[in-house]
Amino acid sequence: FCLSRGLGDVYKRQVYNDRHHAVVPVSFDGVRLFTPGLSPALTLRAHQFPAIARVIYQGSAGLVHDTGAGKTYEAIVGVRERQRLRLSHKPCFVVQKNKVEDFRKAFLRAYPDARLLVADTKNLTGSKRREFIARCATGNPTAIIMSREAFKSIPVSAERLTAYLKEEEISLEIAIEDAKKSGEDDRTVKQIEAELENTRERRKEQAAKIGQDRGLTYEDTGIDYLVLDEARAYRKGPVISSLPGMADAGSARALDLLLKLGYH
């Protein structure tokens, strides 16, 4: 269109951009990728290349395909390319318990020379948990693969949990003030106050553990990138609200993930 410097044209250009150029979705269609190390036995389909590019360049993006469309190999190849480009060092794939072995086989089919560290729940009981975390920390695996249950069994440090509870305590105090100002009924205020008291007690318990239990924790693993299979299982995170019926403590699984993502 016209690039005249007249004020009328400047206004028109601004209106046009606001209406049509305000949001431009990122597209990786037609992207060219080089995947050194990928087994020649594996042939990627055309739609998988844009998805792999998303894993590389939009690290927090999700892959949403129908069953059988190839999400597993998109994630594996994308993560290996991130490693090759030094965007991540020690990735971890968290999958359903019944898919751990299948995921291991898929990874080795794509990259036969990969060094994998695989763990299910039985591998992280008692002293085995400490041994596994030590292997994560001191080893240099191509990738770590573990079940959801195994992932959740690795604790975060008492310092991290205490810091999170302190932030939650502040948010609850703000929610109480907001509820009182907006004239919410006493039941809502009392519910938030009860949650605040519970949070304070938990923080005191965690603060007492600092310096006492120096066991290996999630922070010691060195994991710097997470891939979550069927991520909707983590959708119910904690919600703090002064509105009646809106507050939700969330699921333990989602809270555990929130704490570990905070570390990254």
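Arg 86 sits in the loop between helix 3 and strand 1 of this predicted model. Its phi is near 60 degrees, a positive value in a residue other than glycine. At 74% relative accessibility, Arg 86 counts as exposed, because the cut-off for that class is over 50%.

**Backbone angles**

- Most residues other than glycine have a negative phi.
- Glu 230 has a phi near 55 degrees, again a positive value in a residue other than glycine.
- The loop between strand 4 and helix 9 (252-263) holds Glu 230.
- Glu 230 is partly exposed, with a relative accessible area of 23%, whereas Arg 86 is exposed.

- Four strands form an open sheet in the order 2-3-1-4, and their pairing is parallel.
- Strand 2 (116-119) and strand 4 stand at the edges with a single partner strand each, so one side of each has no neighbour in the sheet.
- Neighbouring strands of this sheet are turned against each other by 20 degrees on average, direction ignored.
- Strand 1 is joined to strand 3 (residues 143-147) by four bridges, and the two run parallel.
- Within this pairing, Phe 93 has Ile 145 of strand 3 as its bridge partner, and Val 95 stands opposite Ser 147.
- Strand 1 also pairs with strand 4 in the parallel sense, over four bridges.
- On that side, the bridge partner of Val 94 is Leu 228 in strand 4.

**Burial of strand 1**

- Five of the five residues of strand 1 are buried, so the strand is largely enclosed by the rest of the structure.
- In a regular strand the side chains alternate between the two faces of the sheet.
- In strand 1, Pro 91, Phe 93 and Val 95 point one way, while Cys 92 and Val 94 point the other way; all are buried.

**Helices 2 and 4**

- Helix 4 lies across strand 1, strand 2 and strand 3, and runs at about 160 degrees to strand 3.
- Helix 2 (residues 48-57) has seven of its ten residues buried, so it is largely enclosed by the rest of the structure.
- The buried residues of helix 2 are Gln 48, Pro 50, Ala 51, Ile 52, Ala 53, Val 55 and Ile 56.
- The cover over these buried residues includes helix 3 and strand 4.

**The largest pocket**

- The volume of the largest pocket is about 970 Å³.
- Its lining comprises 33 residues, and the closest to the pocket centre are Leu 63, Val 227, Leu 228, Asp 229 and Glu 230.
- Helix 3 (71-84), strand 1 (91-95), helix 4 (100-110) and strand 4 (225-228) each supply at least two residues of the lining.
- By residue class, the lining divides into 17 nonpolar, nine polar and seven charged residues.

**Glu 159**

- Glu 159 lies in helix 7 (residues 158-181).
- Its relative accessible area is 33%, which makes Glu 159 partly exposed.
- Glu 159 and Gly 59 are 100 residues apart along the chain, and their C-alpha atoms are separated by 27 Å.

Terms used. Residues numbered from 1 in each chain as written. Predicted model: local features only at pLDDT ≥ 70, side-chain atom pairs only at ≥ 80, totals over all residues. Heavy atoms only, no water. 1 Å grid on protein atoms, 1.4 Å probe; cavity = no way out; pocket = protein on both sides within 12 Å on 5 of 7 lines; lining within 4 Å. Points joined across faces, edges and corners; volume = space filled by probe spheres on them. Nonpolar A, V, L, I, M, F, W, Y, C, P; charged D, E, K, R; others polar. Pairing = 2+ DSSP bridges. Axes fitted to C-alpha atoms, helices over the stretch in contact; angles between N-to-C directions. Contact = heavy atoms within 4.5 Å. Buried < 20%, exposed > 50% of the residue type's maximum accessible area, 1.4 Å probe, protein only.
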